Amino acid sequence: RSTLFPSTTLFRSTVAAQPRRGRTGRRIAAAALLLAQVGVLAALLTAPAFRVHTVDVSGEHLLSRGALVSAALVPQSSLFTVDADAIRQRLSTLPWVRSVTVTTKLPATVSIAVTEWQPELLLRHAGAATFVAANGATLAAVRADAGVAHGLPVLLDYRPGALQAPMPGLADMLAAAAQQWPAVFGCAVDAFVLSSTGVLSIWSNTGWQAVLGTLDSPDALAAVPAKLQMLAALRGHVDFIRPTVGYVDLENPGAPATGGKPGEPASLKADAAGTPLPVTAPPVAVTDPSATATATATPSATAAPTATPAPTPRPTPSPFVFTLPPPSASAHR
């Protein structure tokens, strides 16, 4: 029995040492694999082949590629470290970017796809043209944008000084009015006009204008739809296709007034088209829509509308409703 104990003890020690050596081997193998993975990752992160070499931009029409790339701030690092969400957030702060998608493509390309806001209105002021979007964003229009500008409603802003930011909701409302105008009145809008004193009027291509009053507050803008509804109710009393009057004054929609002789000033037509013409007479009709009738009429013509216009038949509103979107700080369509 005494000769068996040493052998048994040695056997047990050998058996116990084998699992320890197995665990140590697995740990060494795992550490080696981790080091290999770290080495591969380091090689990928530093390999010139995977450094961002190309930024593809698509969907831009009014915004330039350079402006988008500059705002994106795509790092010239490994493609595997590019933060697409951060790039998307930076681009989303641009007023004319409605939505944006950023993806990466091996070996070294970042792709940016943008959806821009569409212009609702072409604003002309002091010889310059500006696009206005539904969300109120503005962007200078250049000659290369002629195709985009074609067919857009035009707002002529004759207010002195620097260009003022359009009132929130104005572009959407005027665009809707221009779109519905032919079906309601049988003619088209030539131009919306803000006079030097801030009076908003609408010139029709058949030679008459609707004077809507001073546009100096959100409340004044909110009152425009009711005035247009009253104008639509006059269809049975005023011939808008072959007019015999030069204006319809809706500053007080409860007592609309008509007067003057039809005829759109040539200078206003030229301004709406962006074609300068020599001024042969003071452009009273352009700078003050409420006095347009006087400017276009003969010396014996009816005077422009005043605070107490001449008596006119007060129409009974028809069931027709001139539908316009309410003014809002930001339109999302």
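User: Which element gives the largest share of the lining of the largest pocket?

Analyst: It is β8, with 4 residues. This is a predicted model, where local features need pLDDT of at least 70, side-chain atom pairs need 80 or more, and totals for chains, interfaces and linings use all residues. Residues are numbered from 1 along each chain as its sequence is written, and side-chain values use heavy atoms, without hydrogens and water.

User: How much space lies in the largest pocket?

Analyst: Rolling a probe the size of a water molecule over the atoms shows where empty space is left. Here the largest pocket holds about 530 Å³. A pocket is an open set of points on a 1 Å grid over the protein atoms alone, where a 1.4 Å probe fits, with protein on both sides within 12 Å along at least five of seven lines; lining residues have an atom within 4 Å of a point. The volume is the space filled by probe spheres set on the points, joined across faces, edges and corners.

User: Which residues are closest to the centre of this pocket?

Analyst: There are 22 lining residues, and L122, R124, A149, A272 and A273 are closest to the centre. Two or more lining residues come from each of β4 (119-125), α4 (146-149), β8 (189-194) and α8 (266-273). These are DSSP runs numbered from the N terminus (helices H or I, at least four residues; strands E, at least two).

User: Which residues of α8 are buried?

Analyst: L268, A270 and A272 are buried in α8 (under 20% relative accessible area, 1.4 Å probe, protein chains only). A272 also belongs to the group closest to the pocket centre.

User: What comes just after α8?

Analyst: G274 does, with a positive phi of about 80 degrees.

Notes. Buried means under 20% relative accessible area, exposed over 50%, partly exposed in between (1.4 Å probe, protein chains only).
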